[in-house]
Amino acid sequence: MAIHLREFREPDYETVIAVWRACGLTVKPSDTLPELRKLVDRNPGLFLVAEDGGEIDGTVIGAWDGRRAWVYHLAVRPDAQRRGTARLLMDEVERRLRAVGATKLNLLVESANAGVADFYGKLGFAPDDLLFMAKQL
């Protein structure tokens with residue numbers, strides 16, 4: 001089958017969450033459907049899913065605040081990995097972010113998922129000397 005990329009739709013939500021969990025991503029309060037609706041409204045066309053044979057195999061979320069671009073939740077189901085899906089998703093979200101004016105793309109890798117750093121390195125990403133801090137509101 002051929003991999004087809006398309007925009008996320010609300011009926012995809014449960015399947016997308018299952019993909020994230022299967023990949024070991026931490027599903028956080030910001031990943032509820034109401035929160036993702038806000039993200040999609042602010043960043044139209046930047047939450048993508050990859051389908052193969054009508055089944056969702058992968059996801060990526062792009063976000064643009066007018067100054068910085070971010071990538072979140074790149075994930076490909078373990079049984080669908082090593083087919084180029086992650087690369088297709090990253091290439092497309094990067095293309096779309098460039099189209100809205102982004103000149104720098106940021107992403108965070110959870111320490112438990114550090115094994116993906118080599119993949120991102122092959123795409124041109126490099127570690128940045130930052131101290132990441134967060135506060136729950």
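The model is a predicted one, in which local features need pLDDT of at least 70 and side-chain atom pairs count only at pLDDT 80 or more, while totals for chains, interfaces and linings use all residues. Residues are numbered from 1 along each chain as its sequence is written, and side-chain values use heavy atoms, with hydrogens and water left out.

**Sheet.** I looked up the strand order and found an open sheet of five strands, β1-β2-β3-β4-β5, with mixed pairing, where two strands pair if DSSP finds at least two bridges between them. At the edges are β1 (3–7) and β5 (105–107), each of which pairs on one side only. From one strand to the next the twist averages 25 degrees.

**Cores.** A nonpolar core is taken as a set of buried Ala, Val, Leu, Ile, Met, Phe, Trp, Tyr and Cys residues joined through side-chain atoms within 4.5 Å, and buried means under 20% relative accessible area, exposed over 50%, partly exposed in between (1.4 Å probe, protein chains only). The largest such core has 20 residues, of which V60, L74, L89, M90, V93 and L97 touch the most other members. Two or more residues each come from β2 (47–52), β3 (55–64), β4 (69–76) and α3 (85–99), and α3 gives the most, with five residues. Apart from this core lies another, of 15 residues, including I17, L25, L33 and L39.

I listed the contacts (heavy atoms within 4.5 Å) of L89, leaving aside neighbours within four places in sequence, and found among them L5, L48, V60, L74 and V76.

**Helix α2.** In α2 (residues 33–42) I found L33, L36 and L39 buried. They lie on the same side of α2, because they cover an arc of only 115 degrees around the axis, the arc being that of the directions from the helix axis to the C-beta atoms. The buried residues of α2 pack against α1 (13–22), β2 and β3, whereas the face turned away from the buried side carries the exposed residues K38, D41 and R42.

**Single residues.** T59, in strand β3, counts as buried because its relative accessibility is 0%. The side chain of T59 reaches the backbone oxygen of H73 at 2.8 Å. Not counting residues up to four places away in sequence, T59 touches, among others, V16, W20, H73 and L89.

N43 lies in the loop between α2 and β2 and is buried, with a relative accessible area of 5%; beyond neighbours within four places in sequence, N43 is in contact with G62, A63 and W64.

Q81, in the loop between β4 and α3, is partly exposed at a relative accessible area of 41%. The C-alpha atoms of Q81 and D57 are separated by 8.5 Å, although these residues are 24 apart along the chain.

How values were computed: Helix = DSSP H or I, 4+ residues; strand = E, 2+ residues; numbered from the N terminus. Polar contact = N/O pair within 3.5 Å; in protein donor to acceptor, adjacent residues only side chain to side chain. Axes fitted to C-alpha atoms, helices over the stretch in contact; angles between N-to-C directions.
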